[in-house]
Amino acid sequence: MSKFLLTFTTSALALLVVFASFRYDKHQYDLVIYGGGPQAVSTALAAKRTNKQMKILMVVPERALGSILTLGRQNLFDVNYYKPKSLPQGVKPSYEGSQAGTFYYFMQDVTAVFPPELFESYLARKLSAHKNVEISYETDITKVNLKADSDGTNAKSKKAVTALSSDMRPAPSAASAKPSATETDEAETFEIESIVTQSLVKNEKSYYRFGGGAGERKVRAPLFVDASETGRLVGTSGAFVGTVGREDQNPDGAQMAATLMFKLKGLDAAKAVIDPKLQGKALTYKGSFQLWAGHEMRSNPVIAAYDAASPLFRIKPYNAGEDGYSGKGEAGSKDMEFWMNMLLIYNVDARKTIRDMEAGGVVYPESGGMAPEAARELALQEISKPEFIQMLRHLNGLENAELVMKDGEPVVGETLYIRESIHTANVADPATRTYRFALDKDGVTGNDERYFDRRIGLGYYHFDSNSYKKGEQLSNPLGKEPWYVPYDVLRSPKLTNVLIPGYAANMDSFAWTAMRVYPNLIMLGDAAGTAAALSLSRKFSVDEPSEAQIELLQQSLRAQQVILDK
């Protein structure tokens with residue numbers, strides 16, 4: 001009898017182990033992508049083009065795909081047009097752009113100016129065409145588990161609410177004057193073994209909060225991608241090396257000003273665009289209309305008085321994108337509704353969320369500015385004041401402009417247009433002001449030949465920071481030509497199974513002022529997705545690829561119509 005019970009117990013335990021493994025394995029993926037912006041989508045699409053069998057999970061903290069371009073209502077691509085000497089096969093000879101690949105198809109399908117809701121549904125359709133791409137909407141990371149070495153010495157499990165110091169790095173020892181661990185412990189590397197995610201719910205103010213234990217899941221994968229605008233995956237890993245905002249240029253670590261997009265009607269484009277050297281307009285082949293104007297505000301006393309009086313807000317020369325494809329162009333501009341990019345908001349910290357503040361812990365940094373949700377609420381209150389639209393009417397072409405209203409409130413973006421958060425670095429030592437990045441100011445201002453052999457695409461745009469603090473000048477000098485972007489911008493010095501095509505990519509804050517626009521980020525996503533797929537096929541090392549593997553990656557990118565040459 002005792003022998004029978006022993007056999008039965010052993011068999012039952014074995015079945016329980018199998019059952020437990022089965023329950024866990026249903027959350028096993030080949031690739032986990034954190035973020036829902038266009039660069040996250042291009043990562044997934046490139047991965048599926050390279051390896052159709054991949055099982056991908058996208059963890060998206062918002063209700064839909066597109067991030068700033070859709071939910072933030074920044075409804076146009078910031079493009080610097082450029083004609084390479086040769087274009088990839090399949091790209092139209094008339095195409096003028098520094099990036100093709102996934103971005104080329106976005107431009108062909110929705111154009112450079114688009115209705116946000118249409119682009120939102122378009123991105124979802126693009127992904128739904130592929131099997132084994134799961135999207136977990138309104139979900140965020142609460143915990144990152146780092147894989148132990150064989151002896152267990154590197155075992156780490158970092159809860160998102162307790163993992164970080166106030167600057168999203170492990171706090172340095174005040175008693176030590178030695179170089180930081182970033183420089184001395186280069187051999188210490190980690191893998192992300194798994195993440196824990198939690199479903200989100202909105203409260204009465206439409207702030208997301210963590211939804212409780214029922215929506216929690218643990219997710220494993222051999223590869224992870226941080227394609228987010230916040231850098232939360234790498235930033236909360238406990239192995240982040242890098243900077244906040246412009247920390248490498250200025251110890252204040254300020255992040256670029258944010259923007260709340262709002263809708264106007266009654267804009268007269270013919271009166272607004274008066275200086276062709278600074279201003280302009282464009283009609284896409286699908287009929288959407290765009291203009292950039294408002295530069296006279298620099299000498300307008302009403303605008304100047306507003307900027308001087310407001311501690312948080314500033315009006316800047318604007319971009320305006322039609323919410324539709326009317327085909328009417330300049331002549332019909334007064335009948336259109338435009339999304340306006342013109343209100344700058346200072347002292348916003350993209351690392352912060354209200355839900356983290358409610359949860360407690362240092363992932364909600366004590367330093368830095370406001371959480372974006374709080375800044376959005378203040379900006380909405382500002383736009384709602386009658387004096388705000390009255391002030392805007394002092395600009396050319398806006399004399400009869402009106403705010404588009406819904407339910408008694410101005411129509412605005414669901415989220416802020418965030419321009420900066422954190423930057424991964426190869427070396428980041430605030431004590432000695434030593435910083436080294438994969439892509440830097442020198443590389444984007446003419447000395448990019450050193451990146452040629454490891455290039456994954458071209459970067460190009462104005463060096464456009466939109467300023468960091470009130471009183472600083474707006475500056476957006478144009479680079480002379482595109483620059484080669486090296487594969488290493490996707491790499492972390494500490495995390496060996498992570499790629500970073502999002503805001504936390506490995507580049508300094510000056511390079512970021514141009515690389516931050518979505519055509520550049522979508523290019524990074526193409527490279528990250530392709531590298532991940534090749535890695536899972538055992539053809540590529542994402543951490544330390546050989547020269548031959550870089551050549552294979554470049555070959556695969558060319559096959560996807562990515563532009564690699566000027």
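Tutor: Phe 289 is buried, at 3% relative accessibility. Buried means under 20% relative accessible area; exposed is over 50%, and partly exposed lies in between (1.4 Å probe, protein chains only). Phe 338 is buried too, with a relative accessible area of 0%.

A word on the source. This is a predicted model: local features need pLDDT of at least 70, side-chain atom pairs count only at pLDDT 80 or more, and totals for chains, interfaces and linings use all residues. Residues are numbered from 1 along each chain as its sequence is written, and side-chain values use heavy atoms, leaving out hydrogens and water.

Now the rings. Rings of Phe, Tyr and Trp (its six-membered ring) pair if their centres lie within 6.5 Å; planes under 30 degrees apart are stacked, over 60 edge-to-face, the rest tilted. The count by this rule is 19 aromatic pairs. Phe 289 and Phe 338 make an edge-to-face pair, with 6.3 Å between centres and 65 degrees between planes. The pair links distant parts of the chain, 49 residues apart: Phe 289 is in strand E14 (residues 289–293) and Phe 338 in strand E16. Strands (E, at least two residues) and helices (H or I, at least four) are DSSP runs, numbered from the N terminus.

Stay with E16, which covers residues 337–345 and includes Ile 345. Ile 345 is buried, at 1% relative accessible area. Leaving aside neighbours within four places in sequence, Ile 345 has contacts (heavy atoms within 4.5 Å) that include Ala 257, Leu 260, Phe 313 and Leu 416. Arg 376 is 31 residues from Ile 345 in sequence, and their C-alpha atoms are 8.7 Å apart.
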